[in-house]
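Welcome! Take a moment to look it over, and then we will go from one residue to the wider picture.

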Amino acid sequence: MTTKSALAVRVVPLLVLFALADSALAHHSFALFDFKSERELEGTVKEFQWNNPHCFIQLLVAGGGGTQEWSIEMTSPLHLLQNGWGPRLVKAGDALVVTIHPIRDGGHAGSYVRARTRDGAPIDPPPPPGKRPAVPPGGGR
Amino acid sequence: MRSGWMVLALSALLAAVASATPPNTRQRIQSFRSLPNWSGLWQQVGVTPDATGETVESAEELRAGFLAHPPYNPEWEARARELQGATADQVVGHTTCTWGVPMVMVQSPLMFEALVTPEETAMIFSGREIRHIYTDGRGHLSRDRLFPTHWGDSIGHWEGQVLVIETIAVDSPTIFEWDSAGGQLVGLFSDQVHYRERITRVEKDLLQDELTIIDPVSLTRPWTLTRQYHRVVNPYIDRMIHEDCEGRDRNPVVNGKITLQQPE
């Protein structure tokens with residue numbers, strides 16, 4: 001097959017646009033989480049996994065059946081850094097109350113929403129200052 | 001005698017390397033002076049993530065900015081709808097590590113740097129994707145050497161402060177989506193598709209790309225999308241940070257669905 005004929009038989013699928021309500025930007029869909037519900041977990045950090053492609057807080061939560069380990073998925077290190085986070089903002093042994101969007105399959109996992117210490121102090125750094133430009137009307141013409 | 005040939009060969013090699021490297025002539029320095037300064041970090045307006053990975057902008061704002069539909073001819077409208085239906089389930093199980101052209105410009109959370117030189121503008125994205133846009137007058141690769149890649153073959157020229165880019169031979173860009181709750185629109189183009197862009201700085205800290213998709217096979221007319229990129233002015237970050245999927249990926253696709261892998 002020549003290069004030309006190889007090109008000729010190819011069809012180029014392209015996802016151009018998306019409805020972005022309740023969306024999360026990542027290298028995969030966050031549809032596995034229920035973005036319409038929130039759950040609060042109180043526990044102790046076992047590990048803060050600061051790595052690509054996504055970071056995780058591993059939280060030990062005491063419950064009726066004993067202690068359970070929850071996996072709380074965040075975004076990438078770049079986007080966390082951009083929002084004031086760092087690899088040592090959370091560390092093993094920290095006592096936290098973490099709000100998540102729970103995973104739909106009922107497992108011990110969720111998507112990070114916010115967190116605070118047990119005395120109520122939020123751990124999320126203040127958002128970066130500055131005005132964000134409005135989204136331009138660029139849908140297509 | 002043998003060493004003489006080696007010296008000759010080495011001299012020829014050095015001469016070839018020297019001829020391929022543009023000397024810093026007065027003309028080249030003047031060219032540099034005439035080019036815009038796009039240094040710094042840039043990020044697309046409308047897809048700026050916060051710590052949760054969600055967009056800072058409102059859904060209404062994003063819909064107003066992004067929703068549109070390609071001007072298909074009837075045959076390709078039907079194909080697009082078919083693909084849209086087919087991917088409604090698949091997208092949930094898809095991961096994206098490479099955006100490619102045009103998605104990396106149309107809708108991507110990756111930061112980028114734009115390095116402008118007289119010979120080339122390189123766009124370096126946080127996911128380590130790089131667009132090379134040659135502006136030294138060379139043409140596209142010849143047809144007998146051309147093959148599709150995620151970023152295609154880009155050449156460009158300057159019209160004042162506007163970088164005009166022509167891109168051909170783009171491989172199928174990776175399909176990704178962020179949420180299927182609101183549905184999605186799938187664009188499907190033929191192998192004849194090519195892209196024309198006009199990138200300029202419309203404000204001090206705002207780049208704009210008018211990206212026109214040209215495909216006489218599937219579209220009734222060229223289709224233009226406008227996207228803007230704001231300079232990242234942020235006390236928390238002052239350099240490019242590496243993003244990749246080579247690290248500890250805990251979201252494998254199992255039976256067509258994204259899953260979350262619990263630690264062992």
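## Starting at Glu38(A)

Glu38(A) belongs to the loop between β1 (12-18) and β2 (39-49) of chain A. Setting aside neighbours within four places in sequence, Glu38(A) is in contact with Thr99(A), His101(A) and Val113(A). Tyr112(A) is 74 residues away along the chain from Glu38(A), yet their C-alpha atoms are separated by 9.7 Å.

Tyr112(A) leads us on to a pair of strands. In β6(A), Tyr112(A) is the bridge partner of Ile100(A). The two strands involved are β5 (residues 95-102) and β6 (residues 109-117) of chain A, which pair in the antiparallel sense over seven bridges.

Both strands take part in a closed barrel of five strands in chain A, which runs β2-β3-β4-β6-β5 with mixed pairing. On average, neighbouring strands of this sheet are turned by 55° against each other, direction ignored.

Now for chain A as a whole. Chain A has two helices and six strands, and along the sequence they follow the pattern α-β-β-β-β-α-β-β. Of its 141 residues, 39% count as buried. Among contacts in chain A with a separation of 6 or more, 52% are between residues 24 or more positions apart.

How many helices and strands does chain B have? There are five helices and 12 strands. Chain B has 264 residues, and buried residues make up 34% of them. Of the contacts in chain B between residues at least 6 apart in sequence, 54% join residues at least 24 apart.

## Strands around β6(B)

Ile165(B) in β6(B) stands opposite Gly156(B); here strand β5 (residues 153-159) of chain B pairs with β6(B) in the antiparallel sense over seven bridges. The hairpin of β5(B) and β6(B) has two residues between the strands, and Gly160(B) takes a positive phi near 65° there. Leu163(B) stands opposite Ile199(B) in β8(B), and five bridges join β6(B) to strand β8 (residues 194-203) of chain B, with the two running antiparallel.

## Strands around β10(B)

Another set of pairings involves strand β10 (residues 223-231) of chain B. Eight bridges join strand β9 (residues 206-214) of chain B to β10(B), and these two run antiparallel.

Gln44(B) stands opposite Tyr229(B) in β10(B).

## The nonpolar cores

Which residues have the most contacts inside the largest nonpolar core? They are Trp42(B), Val104(B), Met111(B), Phe112(B) and Ile213(B), in a core of 40 residues. Helix α5 (residues 103-106) of chain B supplies the largest share of this core, four residues. A second, separate core has 24 residues, including Ala31(A), Trp70(A), Leu80(A) and Ala109(A).

Not counting residues up to four places away in sequence, Ile213(B) touches Phe189(B), Val193(B), Tyr195(B), Leu219(B), Pro222(B) and Trp223(B).

## How confident is the prediction?

The model scores ipTM 0.78 and pTM 0.81. The mean pLDDT of chain B is 82, with 77% of its residues at 70 or more.

Some stretches of chain B call for a careful look. Over residues 89-93 of chain B the pLDDT is below 50, and this stretch has 16 contacts in the model beyond near neighbours in sequence. Over residues 173-183 of chain B the pLDDT stays under 50 as well, and the model has 46 contacts for them beyond four places in sequence.

Terms used:
Residues numbered from 1 in each chain as written. Chains lettered and ligands numbered in written order. Predicted model: local features only at pLDDT ≥ 70, side-chain atom pairs only at ≥ 80, totals over all residues. Pairing = 2+ DSSP bridges. Buried ≥ 20, exposed ≤ 12 C-beta atoms within 10 Å, placed from the backbone. Contact = placed C-beta atoms within 7 Å. Core = buried A, V, L, I, M, F, W, Y, C linked by C-beta atoms within 7 Å. Axes fitted to C-alpha atoms, helices over the stretch in contact; angles between N-to-C directions. pLDDT = per-residue confidence, 0-100.
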